[in-house]
Amino acid sequence: MGTSVTISAATDEDAEQILKLQYLCYQSEAALYDDYGIEPLTQTLAALRAELSEGCVLVARLGDEVVGSVRGTVDAAGTAAIAKLIVHPRLQRHGLGGRLLAAVEQRLAEERSATRFRLFTGHRSEGNLRLYRSHGYAPVGTEQLSRRLSLVTLEKEAAAEEFVAQA
């Protein structure tokens with residue numbers, strides 16, 4: 001392709017591309033759990049724009065195209081909630097998800113004083129679980145949301161030395 005993927009803060013102008021990519025990426029999760037009413041597939045553009053203005057939202061771009069995204073917030077206790085890590089299907093399994101995860105962790109630690117990271121995924125989402133474990137996350141709980149879906153919560157402590165020299 002000749003163009004490298006760059007990661008940067010999302011802007012309001014990215015909202016429509018992020019929402020379209022989110023819809024595409026969560027189709028496989030919806031199929032896995034036979035539930036097409038999941039929040040990433042029903043989120044409105046207005047709700048996404050609110051997240052852009054309140055939280056830390058990053059995008060991965062290949063030229064002008066948004067090919068990945070991730071979001072995070074930090075609570076008063078310093079725990080960062082990381083959510084909606086997405087990578088375009090044609091670019092999956094090439095390390096971009098890990099780069100986005102590392103980038104949002106770094107940004108949340110440096111700019112919002114995160115001391116712990118928390119995220120969740122479905123119990124059958126083996127690729128997600130593998131990615132998160134490979135980045136130091138450990139399961140800390142499981143919550144059964146329905147007969148078909150249990151959410152696995154994973155956490156890790158923020159280590160300041162991890163963020164030196166990462167871009």
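Tutor: One term to begin: buried means under 20% relative accessible area, exposed over 50%, and partly exposed in between, with a 1.4 Å probe and protein chains only. This is a predicted model, where local features need pLDDT of at least 70, side-chain atom pairs count only at pLDDT 80 or more, and totals for chains, interfaces and linings use all residues. Residues are numbered from 1 along each chain as its sequence is written, and side-chain values use heavy atoms, with hydrogens and water left out.

Student: What share of the 167 residues counts as buried?
Tutor: 44% of them.

Student: How many helices and strands does the protein have?
Tutor: Six helices and seven strands. Both are DSSP runs, numbered from the N terminus: helices are H or I with at least four residues, strands are E with at least two. Along the sequence the pattern reads β-α-α-α-α-β-β-β-α-β-α-β-β.

Student: Which residues touch the most other members in the largest nonpolar core?
Tutor: I82, L96, L108, F117 and Y137, out of 27 residues. A nonpolar core is a set of buried Ala, Val, Leu, Ile, Met, Phe, Trp, Tyr and Cys residues joined through side-chain atoms within 4.5 Å.

Student: Which helix gives the most to this core?
Tutor: Helix 5, with seven residues.

Student: And what does L96 touch?
Tutor: V5, I7, A60, V67, V87 and L91, leaving out residues up to four places away in sequence. Contact here means heavy atoms within 4.5 Å. Another core, of 16 residues, lies apart from the largest one; A10, Y26, L41 and V57 are among its members.

Student: Back to helix 5. Why is it largely enclosed?
Tutor: Because twelve of its 17 residues are buried, the rest of the structure largely encloses helix 5. Among the buried ones are G97, G98, E105 and Q106.

Student: How far does helix 5 reach?
Tutor: 23 Å from its first C-alpha to its last, close to the 24 Å expected at 1.5 Å a residue. The expected span is 1.5 Å times one less than the number of residues. After helix 5 comes S113, with a positive phi near 60°.

Student: New topic. Where is confidence lowest and highest among the helices named?
Tutor: Lowest in helix 2 (residues 27–33), at a mean of 93, and highest in helix 1 (residues 15–25), at 98. That is pLDDT, the predictor's confidence in each residue, from 0 to 100. Over residues 161–167, though, pLDDT is below 50. That stretch still has twelve contacts in the model beyond near neighbours in sequence.
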